Amino acid sequence: MKDWRYWLAEQRGTLLAFGIFIVMFTIYTSNHPAGFTANVVQTASNKGVLLAFVAMAQTLVVITAGIDLSVGMIFTLTNCLASWLVIGTGIETAFGVVAVLGTGLLCGAINGAIVIYGRLQPIVATIATGAVYFGIALLLRPFPGGSVNEDLADALTGRLFGVVPASLVVLLAVVLLVWVPFSRSVLGRAAYAAGSSEMAAYMSGVPIRRGKFAAYALGGLLAAIGGLFLTFFTYTGDAAYASGNAYTLFSIAAVVLGGVSLFGGKGSAIGAIFGALAFRTIGDLLFVFDFDPLWQPLFQGVILLIAVSLGAFALFRVRNRLEWFL
Amino acid sequence: MSETTIGGIAGRMPKFIRRADPAVLTAFACIVLLLFVGSLYSRSFLSPEYLLQQLKVASFLGVIATGMMLVILLGQIDLSVPWSVAVGAMMASAMAAFGPVGVALAIPFGIFCGVLIGIVNGIGVAYLRIPSMIITLATNAVAQGLMVVYTGGFSPQDSATRAMRYLATGFAIPGVPNAVIIWALIGAAMVFVLTRTGFGRAVYGIGNRERAAYLSGIDTRRVVMIAFAVSGGLSAFGGVLLAGYASKAAQSMGDAYLLPSIAAVVLGGTSILGGRGSYLGTVAGVILITLLQSILSVMQMPEAGRQIIYGVVIVAMLLLYGRAPASR
């Protein structure tokens, strides 16, 4: 197979997500009362970026054929922590940011340690650690409140040169600094290999445990970046159970839309980002078409249901019925 | 399993202990430990009234965990519990508003709605081969969306029927709460199904190796679908009972039952990978979780501390005896 065709086959999911996003965003902006303006793009990107970070976090774990049902809670926890720490002078703020990101990394590492070295099932283990993280968040913020360094917050949620949303630039920087190095490193390849076939990867001497551990830990870090951004947008910390759960759920939807295989070993965080942006845009379509906001949860649920059902088309290619049970 | 010969109690006991799952024994040991710790805090902790009250609270979780166990035995999981519970409660209460016929049909209708959710889950898992954790999250989201549209985002005004309240809080036999009797009946039925019917055998078989079960002539897809339908129905029934207990349905009433129901099943020694586990273990797990919750509330632990202790205890117990075998 020629190089470009191989590349195309590998990136099909990502390109599809990109396509869906472009179509949805075009429909969205062309029906928006304000049209395609810098303001509309900025608001949309600020909302989309939050989910994009959480979806990236989920992608890293899903690639290893695991799942992290605590991403939403890490997101909530770091949001509450940031509303205490990211404040004051430049040095204090910088220290706060580092502390928040470190907390996220630690949460992810705890998940990874329990799942990989404790050999527990990711679903149950991360639901349980999610409860712990939510408990800590509630301890930090029994009631919504707190504040954040508003200069930094405004800078990161505003626009660069009056046109480009700063949040998109940060997203790009995170992709370049976290995702690209990881996916090209030995650990990243190990994470993919572990998700594709753990046994084969082990037999070929791939460091699967370290790879999976790195994926979980970096997942925590990315969720923390999301939590930090939530604080920048809202200026407050809020330990809301429903919102944490919703982000976990939406991150899975975004990952599926982004062409990342839930069975592991396939897909990329770039796809998940476009999946997240597309999912957000679809959710917001209801507003530009003047639907009652009450319908939004149902609408998003149905999109998720359809997205996960699309994978069933692979069944038509199955020749031997025994392949159902893989 | 060989059939047990009828003999003296003394003759059977050692064999009974020898055959018992260490996980179930650990769970019962933990229950004794919790009772001991609780009695240090408050004298009334060991009084029959208090224990019976705990058993009544446990029976709601018990009904829901029964369905969860069936699904976990298959090696799947049902994450649609929160809104199956809420749908059962809300739909039963809503039906009650439609005159005498509605009142009569309230409980069956609530359960029926839960079964519908379960069937969607079952079709997704069994026929479309979607990972159960994903499809059940999706149906949970859809159920939530439907209820938000139905209620307008607020807790519904309809209240539970007399029959629902009677089932949850009444006493058909003096001294024994009805909820406990219901749990006992459902538990007995589950034990019968799991150990004495072909369906139960098929459930264990599929949990161990679905391919092998399929090749030995079991319609595995039908079994999986029925199991999910039963799980949805039992979750909804749990919701109906809870609505009867609180005398009305509430938006997020099911959220507090997802982790406990999974934890109860897994702490009771049922393998999360499927194919292994006994109902006795689930009973132990349900009582264990309920006692833990009650001790935390006796200690007047705030919600935050409860969540933390809860998660830590579950992870710790799973690390004790719920680990997957080393792959190499």
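Residues are numbered from 1 along each chain as its sequence is written, while chains are lettered from A and ligands numbered from 1 in the order in which they are written. In this predicted model, local features need pLDDT of at least 70, side-chain atom pairs count only at pLDDT 80 or more, and totals for chains, interfaces and linings use all residues.

**View 1. Overall form of chain A.** Chain A has 14 helices and two strands; helices (H or I, at least four residues) and strands (E, at least two) are DSSP runs, numbered from the N terminus. The radius of gyration of chain A, 20 Å, is close to the 20 Å that the globule rule gives for 326 residues, so chain A is as compact as a globular protein of that length. The radius is taken over C-alpha atoms, and the rule is 2.2 Å times the number of residues to the power 0.38. The C-alpha trace of chain A spans about 60 × 45 × 40 Å along its principal axes.

**View 2. The largest nonpolar core.** A nonpolar core is a set of buried Ala, Val, Leu, Ile, Met, Phe, Trp, Tyr and Cys residues joined through C-beta atoms within 7 Å. A residue is buried if 20 or more other C-beta atoms, placed from the backbone, lie within 10 Å of its own. Of the 213 residues in the largest core, Phe53(A), Met56(A), Ala253(A), Ile273(A) and Ala92(B) touch the most other members. Helix α11 (residues 208–234) of chain A gives the most to this core, with 16 residues.

**View 3. The contact between chains A and B.** Chain B supplies 46 residues to the contact and chain A 42 residues; two residues are in contact if their C-beta atoms, placed from the backbone, lie within 7 Å. α6(B) gives the most to the side of chain B that touches chain A, with 13 residues.

**View 4. Helix α6 of chain B.** The 20 residues of α6(B) reach 28 Å from the first C-alpha to the last, close to the 28 Å expected at 1.5 Å a residue, where the expected span is 1.5 Å times one less than the number of residues. α6(B) is mostly covered, with 16 of its 20 residues buried. Gly152(B), whose phi is positive, near 75°, follows α6(B).

View 5. pLDDT, the predictor's confidence in each residue from 0 to 100, stays under 50 over residues 1–11 of chain B. Where pLDDT is low, the predicted coordinates should not be read in detail.

Conventions: Buried ≥ 20, exposed ≤ 12 C-beta atoms within 10 Å, placed from the backbone.
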